[in-house]
Amino acid sequence: MIGQEDLFNFSQQEVKTIVIRYGATARSRFDSSNKLISFDKIVETLSKGEWECFITKRNESEIQISVPMADSAGQVDLVVEYNEVNHLFEVKVHFNQKTRYRASVSLPNQDFCLIQKARFAFVDLQSGWPNFSDLAAMNDLFSKASELEVSPDIAGETQLEIWNEYVEAQSQLIDRLHEPFLLIDEPQISAEKARSGDGVYRYKVECRLRPQNHNEYEPLREKLSEALSIDSEFDSEGTSLMKLDDIYRGLDSVIRREFPDRYERDENIGCILRIRPFTKAEKIQETKSHLGTFAQRGVYIVIHDAKV
């Protein structure tokens, strides 16, 4: 076992705290593609004790933290992105790629990794971290990892991810081309005779096509309307105005059930606030405790027991 031999002088290293943010989408995606262990179990396990971590660079914004787990004889690879605003790591999950669990230990090449002893803390996407020393340490850790070269194994995985995304896009295009044309009215068939006047040369079919909506989010909009009577439009960027309850109970459930490989909701939700000034009646009501009891009669306001 790695920890028993202490091959990399872990016992002499300073223990650093690695804080990782995650949300419901990351949890559900991980659980849907990993049957051996749940995301919550990984969070529970890594939150206890100190761990030997092998840190590699995936690209300019992502690093991978590989952690051998002695209890399960497996290994978890946490792919995280560093947020320069809150100085925390955010876990990335994309089905079989990105963050994953291995049934056996497969450590990265030492020539392409940092080796660090660490303790983990997991927080939700709305939380920060109060310890500035930990934030500075994580910034330093990401800076050192960014200077590493990408290993050939990870470079191959990245190329495979790009290829899979290309294949998925082509599959969606083929599915769209197989969809039937929608007509506005019945087609009109007419016969065209040959120039010699001998018989019919060909038949021509004329029809008016219904304008097609090329918005890639149209299938999601239709399913929301059909299954849950949620009528909401999506623009070309996937932005939509919805009630909070429709998002959590409607949109999330439809994506998870019907389109798990096609759509992903952004963890961050924007909010539009409607602000209006207080009415005169509300201003008068606000002073009720100071003036006494109010009674409104028509256009008159009567004040009882007012103390001036």
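Thr99 is buried, with a relative accessible area of 1% (buried means under 20%, exposed over 50% and partly exposed in between, with a 1.4 Å probe and protein chains only). Thr99 lies in the loop between strand E7 (97-98) and strand E8 (100-102); helices (H or I, at least four residues) and strands (E, at least two) are DSSP runs numbered from the N terminus.

The side chain of Thr99 reaches the backbone oxygen of Lys92 at 2.8 Å and the backbone nitrogen of Val79 at 2.9 Å. Beyond its neighbours within four places in sequence, Thr99 is in contact (heavy atoms within 4.5 Å) with Phe30, Asp77, Leu78, Val79, Val91, Lys92 and Val93.

## Basis of the model

This is a predicted model, in which local features need pLDDT of at least 70 and side-chain atom pairs count only at pLDDT 80 or more, while totals for chains, interfaces and linings use all residues. Residues are numbered from 1 along each chain as its sequence is written, and side-chain values use heavy atoms, with hydrogens and water left out.

## Helices H2 and H3

The axes of helix H2 (residues 24-33) and helix H3 (residues 39-46) come within 8 Å and cross at roughly 110°; axes are lines fitted to C-alpha atoms over the stretch in contact, and angles run from 0 to 180 degrees between N-to-C directions. The two helices are therefore roughly perpendicular to each other (65 to 115 degrees). Arg27, Phe30 and Asp31 of H2 meet Phe39, Asp40 and Ile42 of H3 in this contact.

## Cysteines

Cys53 is buried, at 0% relative accessible area, whereas Cys207 is partly exposed at 40%. The whole structure contains zero disulfides (pairs of cysteine sulfur atoms within 2.5 Å).

Key
Parallel < 35°, antiparallel > 145°, perpendicular 65-115°, else oblique. Polar contact = N/O pair within 3.5 Å; in protein donor to acceptor, adjacent residues only side chain to side chain.
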